[in-house]
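Biologist: Hi! Could you walk me through this model when you have a minute?
Modeller: Happy to, here it is.

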Amino acid sequence: MASTNDLKNGMVLKLDGDQLWSVVEFQHVKPGKGPAFVRTKLKHVLSGKVVDKTFNAGTKVETATIDRRDMQFSYMDGEYFVFMDMTTFDQLMVDKKAVGDAANFLIEGFTASVAQHEGEVLYVELPAAVELKIEHTDPGVQGDRSTGGTKPATLETGYEIQVPLFVTTGETVKVDTRTSDYLGRKSN
């Protein structure tokens, strides 16, 4: 248990039963008239939904401990992704649902942050950008355009993104894992 006076960004609270909410931002407010209160913006850990919630100052809130560990993706086992803890070498099987969109950018050997609460995997988080090889893309044909064009390209993971016309099959490109945007070619 903690007080609303102890809130910090990134802290995870257990509210409304057993729902986990991460503090995105908070503000202590002391109006000229009336009691002080704490205005917060909370993000649901699983769904990503963001809500505004106000607490009276000093109110007790239950905190949750989230264990975030960097783990290396090893292989797929049916519907499960198998991650290995690099310090203990323990293997962890993670359901496809918990991996979510990160599955589009995971290849063997990639390191990801795996968040757990009471032994249950909540989500898998990749770095903001990853470097992946282009498995296939058609040759770009420059036509009459006022802006640079794009074309579809299939990554080594099988996921398809849009890349500029000059990118060719076999090149390694940087991809934003949050938006699936092409960020540039691999720097040597």
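**Strands, cores and a hairpin**

Modeller: Let's start with a pair of residues: the bridge partner of F37 in β5 is N56. Keep in mind that this is a predicted model.

Biologist: How many bridges join β4 to β5, and which way do they run?
Modeller: Seven bridges link β4, residues 37–44, with β5, and the two strands run antiparallel.

Biologist: What sheet do they sit in, and in which order do the strands come?
Modeller: An open sheet of six strands, ordered β1-β6-β2-β3-β4-β5, with antiparallel pairing. Its edge strands are β1 (2–3) and β5 (50–56), and each of these pairs on one side only.

Biologist: Switching topic: which residues have the most contacts inside the largest nonpolar core?
Modeller: F83, V94, V99, L106 and L155, in a core of 28 residues. Strand β12, residues 129–137, gives the most to this core, namely three residues.

Biologist: Why does that core lie between domain 2 and domain 3?
Modeller: Because domain 2 (65–123) and domain 3 (128–183) both contribute residues to it. In general, nonpolar side chains in soluble globular proteins tend to be buried together.

Biologist: What is V94 in contact with, leaving aside its neighbours within four places in sequence?
Modeller: E79, Y80, F81, F83, V99, V121 and V124. There is also another core lying apart from the largest one; this has nine residues, including L7, L13, F55 and V61.

Biologist: Now β13. Which residues are on the covered face and which on the uncovered one?
Modeller: K151, A153 and L155 make up the covered face of β13 (residues 150–155), while T150, P152 and T154 are on the uncovered face. Side chains in a regular strand alternate between the two faces of the sheet.

Biologist: And what does β13 pair with?
Modeller: Three bridges join β13 to β12, running antiparallel, and H136 stands opposite T154. β13 also pairs with β14 (residues 160–164) in the antiparallel sense, over five bridges. There, P152 stands opposite Q162 in β14.

Biologist: What phi does G158 take in that hairpin?
Modeller: A positive one, near 95 degrees. The hairpin of β13 and β14 has four residues between the strands.

Biologist: Last one, the whole chain. What is the radius of gyration?
Modeller: The protein chain has 22 Å, whereas a compact globule of 188 residues would have a value near 16 Å. The C-alpha atoms fill a box of roughly 65 × 50 × 30 Å along the principal axes. As for secondary structure, the chain has one helix and 16 strands, and buried residues make up 38% of the 188 residues.

Terms used:
Residues are numbered from 1 along each chain as its sequence is written. This is a predicted model: local features need pLDDT of at least 70, side-chain atom pairs count only at pLDDT 80 or more; totals for chains, interfaces and linings use all residues. Side-chain values use heavy atoms; hydrogens and water are left out. Two strands pair if DSSP finds at least two bridges between them. A nonpolar core is a set of buried Ala, Val, Leu, Ile, Met, Phe, Trp, Tyr and Cys residues joined through side-chain atoms within 4.5 Å. Buried means under 20% relative accessible area, exposed over 50%, partly exposed in between (1.4 Å probe, protein chains only). Domain bounds come from an automatic or database domain assignment. Contact means heavy atoms within 4.5 Å. The radius of gyration is taken over C-alpha atoms; the globule rule is 2.2 Å times the number of residues to the power 0.38.
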